[in-house]
Amino acid sequence: MDKTADAVVIGGGIMGAATAHFLAKQQFGKVVLLEKSKLAAVSTGHSAAIVRTFYSNPLTLRLALRAREMFENAEQELGGDCEFRRTGYCCIFAEKAAATGEQLLAIERPAGVLAERVTRAQVQELAPLLNVDDVRFGIYEPLSGYVNPVKTTANLVGRAKDWGLRAYEGVRATRICLQGERVTGVETDQGTIATGVAVNAAGGWGRELGLTVGLNYSLRWSRETDLVLRRPPGCGSFPVIADPNLQVYLRPHGDDQVLAGLGPPKEIEPLDIDDYDPMIDDAQRSRIEKGVFERMPALREQEYVKGWASMYTVTDDWHPLIGPEPGLEGYYAAFGGSGHGFKLGPPIAESLSKMIAGQEPEIDIHAFRPHRFIEGELFTSAWGSGNRA
């Protein structure tokens, strides 16, 4: 393993892989990526990987637009084909969330998002097997869809190796080393790497790693589950469906399956990030199926294929912690996606890598700075609290 590096990125999820990719791409120097397990092992690999621009504040909207551009042009932007499927995205609104829907549409259009208000009948045309009895209207983004998160991560790392990235799986970073207030290295279970730049992209373990440099991040961890069912006969293709009324989402999965999970608003389900069951349990499966079967009744008779459990790493305002910390030279945070990390990760990492290199990023991500909470500048959302942005 390398003994020295110009930058060490800790964590092989989307944030770490993308940050390492863009640092290597701009020839920052010798860049080393460390992953204690395997690439995309936890939250990233289990992501529903929905690519949408359906956001309600200027920064996340701009990042989401850039993200879609990157996924659409993944060969050039992200190192290889990410299996982007442009299915469209439709959020459907019953009475209780109708006002929020109108507010979101008013925010999206001026930001340059191609989104339209669709009637109940048009929602039915987009997804003929949906039960739309309670639907007032939908907001439809025809350019959105989903990708393969594991392949995306592998592409980012694989392409960056051509630019000199050294990636190590099965190597655990145990401590970021300081001399005074300056990063001098990263200690691992296989030796120490001398470096002046350390990027904490450790996901759920970002707090643990932060403690080694005296930072006690406020995080919560929530158990998140998804399942896959066979697609009903006659279903055909349909958009990603977000349903805040029944608190579920569903999307096509490959050519003959449907992926579904719980959507907001919902309570955090605490878990021990070092000791949790990665399989979906009966209670969680029933909760998802209840809403999904009500929204698409034809799924009730279809085969259950598989399910899994993973986690969200949740910050106090459900937005990521990105950037340097005052008084720590060479340290950068890049974690806390709160359910948005995969889709926003590549453009966030693109901007962060330029910040690390002392360049001006095209998208200013200063608002994600980890110390914003001390300064009283939290993010808000049209949805209120919870994992919508």
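In this structure, which is a predicted model, strand β9 (residues 173-179) and strand β10 (residues 182-188) run antiparallel and are joined by six bridges. Within this pairing, Cys177 has Gly185 of β10 as its bridge partner. The hairpin of β9 and β10 has two residues between the strands, and Gly180 in this hairpin takes a positive phi near 65 degrees.

A hairpin of two residues links β10 to β11, and Thr188 stands opposite Gly191 of β11. The two pairings are set out below.

| Strand pair | Direction | Bridges |
|---|---|---|
| β9 (residues 173-179) and β10 (residues 182-188) | antiparallel | six bridges |

Elsewhere in the chain, two helices meet. Helix α1 (residues 14-25) and helix α9 (residues 341-356) have axes that come within 8 Å and cross at roughly 40 degrees, and the crossing in which α1 passes α9 is right-handed. On the side of α1 the contact is made by Ile14, Met15, Ala18, Thr19, Phe22 and Leu23, while the residues contributed by α9 include Phe342, Pro346, Ile348, Ala349, Leu352 and Ile356, together with Glu350 and Ser353.

Thr53 is found in the loop between β3 (50-51) and α2 (58-72). Its relative accessible area is 0%, and Thr53 is therefore counted as buried, the cut-off being under 20%. When neighbours within four places in sequence are left aside, Thr53 is in contact with Leu61, Ala64, Leu65, Arg68, Glu108, Val113, Glu141 and Ser144.

Turning to the chain as a whole, there are nine helices and 19 strands. The radius of gyration is 21 Å, close to the 21 Å that the globule rule gives for 389 residues, so the chain is as compact as a globular protein of that length. The C-alpha trace spans about 65 × 40 × 35 Å along its principal axes, and 57% of the 389 residues count as buried. Among the contacts in the chain with a separation of 6 or more, 75% are accounted for by residues 24 or more positions apart.

Key: Residues are numbered from 1 along each chain as its sequence is written. This is a predicted model: local features need pLDDT of at least 70, side-chain atom pairs count only at pLDDT 80 or more; totals for chains, interfaces and linings use all residues. Side-chain values use heavy atoms; hydrogens and water are left out. Axes are lines fitted to C-alpha atoms, for helices over the stretch in contact, and angles run from 0 to 180 degrees between N-to-C directions. Helices (H or I, at least four residues) and strands (E, at least two) are DSSP runs, numbered from the N terminus. A crossing is left-handed if the near helix is turned anticlockwise from the far one by less than a right angle, and right-handed if clockwise. Contact means heavy atoms within 4.5 Å. Two strands pair if DSSP finds at least two bridges between them. Buried means under 20% relative accessible area, exposed over 50%, partly exposed in between (1.4 Å probe, protein chains only). The radius of gyration is taken over C-alpha atoms; the globule rule is 2.2 Å times the number of residues to the power 0.38.
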